[in-house]
Amino acid sequence: MTTKEKEMEELENYKREMADLAQKRREEIKKVQKGVVMDKHSEAAAIKKQSYQNELKKQEFLQEHIAKNQEKKSLVKVQEETAKKKISTLKEKKLKEFKMNYEQRLQAELDKIKQKEKELATMEKSESEMIKKLQNTQQMQKNAFGELESAIKYQGSGSKGPSPAGGASPASGKKEEKGEATSPKPQ
């Protein structure tokens, strides 16, 4: 074989080797591309899976948070109801105490009024009795004064008959004078 043929053959071998090498490179690139695509698919699947898990965790957290908030609301409602009942009970208690105090004060005032009315009635009765005694005393004094006048007139006229004021004798006139002096004083 000639050199030219040898060169040609070498060139052909070289071309084949290069073609094989290029073919191998293309296959490797395809493998790498396939691997990259597979990795991207795997990564995308992993991201989707992680995203799904994150969403589940988020929903779980929200559910727990909502449940806690509802618990708190319920607790607050119970506390508000308890507070309202306490306030209502205290108001009722204060109202009862106020009413009882008012009734006691009112009864005390009524008792005072009754006592004063009783005292007033006693004073009026006493006053009425004193007025009657005074009137009786005045009447007795008037009668005694009338008898005394009659006795004085009788003594002044010197007659010995019955006196015009009540038919008392001079002796009884003297007794009346003495009686007048010892008669009880008006009260």
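Leu95, Phe98, Tyr102, Leu106, Leu110 and Ile113 make up a nonpolar surface patch whose accessible area totals about 590 Å². The model is a predicted one.

**Exercise 1.** Determine where Ile113, a member of the nonpolar patch, lies and whether Ile113 is buried, partly exposed or exposed.

*Solution.* Step two is to take its relative accessible area, which is 44%. Step three is to apply the cut-offs: buried requires under 20% and exposed requires over 50%. Ile113 is therefore partly exposed.

**Exercise 2.** Describe the extent of helix H1 and name its buried residues.

*Solution.* Begin with the chain, which contains two helices and zero strands. H1 covers residues 3–157. Its 155 residues span 220 Å from the first C-alpha to the last, close to the 231 Å expected at 1.5 Å a residue. The buried residues of H1 are Thr137, Ala144, Ser150, Ala151 and Tyr154. For the chain as a whole, 4% of the 187 residues count as buried. The accessible surface of the chain is about 17,500 Å², and carbon and sulfur atoms account for 58% of that surface.

**Exercise 3.** Identify which side chains form the salt bridge, and state how exposed each partner is.

*Solution.* The structure contains one salt bridge. The side chains of Lys112 and Glu109 form it, with an N to O distance of 4.0 Å. Next, consider their positions: both residues are in helix H1, three residues apart, or about one turn of the helix. Finally, compare each value with the cut-offs. Lys112 has 52% relative accessibility and so counts as exposed. Glu109, at 42%, is partly exposed.

**Exercise 4.** State which residues form the patch of negative charge, and classify Glu5 by exposure.

*Solution.* The patch of negative charge on the surface consists of Glu5, Glu7, Glu9, Glu10 and Glu12. Of these residues, take Glu5, which is located in helix H1. The relative accessible area of Glu5 is 41%, so Glu5 is classed as partly exposed.

How values were computed: Residues are numbered from 1 along each chain as its sequence is written. This is a predicted model: local features need pLDDT of at least 70, side-chain atom pairs count only at pLDDT 80 or more; totals for chains, interfaces and linings use all residues. Side-chain values use heavy atoms; hydrogens and water are left out. Helices (H or I, at least four residues) and strands (E, at least two) are DSSP runs, numbered from the N terminus. Buried means under 20% relative accessible area, exposed over 50%, partly exposed in between (1.4 Å probe, protein chains only). The expected span of a helix is 1.5 Å times one less than its number of residues. Patches are made of residues with over 30% relative accessible area and no salt bridge: like charges are joined within 9 Å, nonpolar side chains (Val, Leu, Ile, Met, Phe, Trp, Tyr) within 5 Å. Accessible areas come from the Shrake-Rupley method with a 1.4 Å probe; for residues, only the protein chains shown count as cover. Lys and Arg count as positive and Asp and Glu as negative; His and the chain ends are not counted. The place of a charge is taken as NZ of Lys, CZ of Arg, CG of Asp or CD of Glu.
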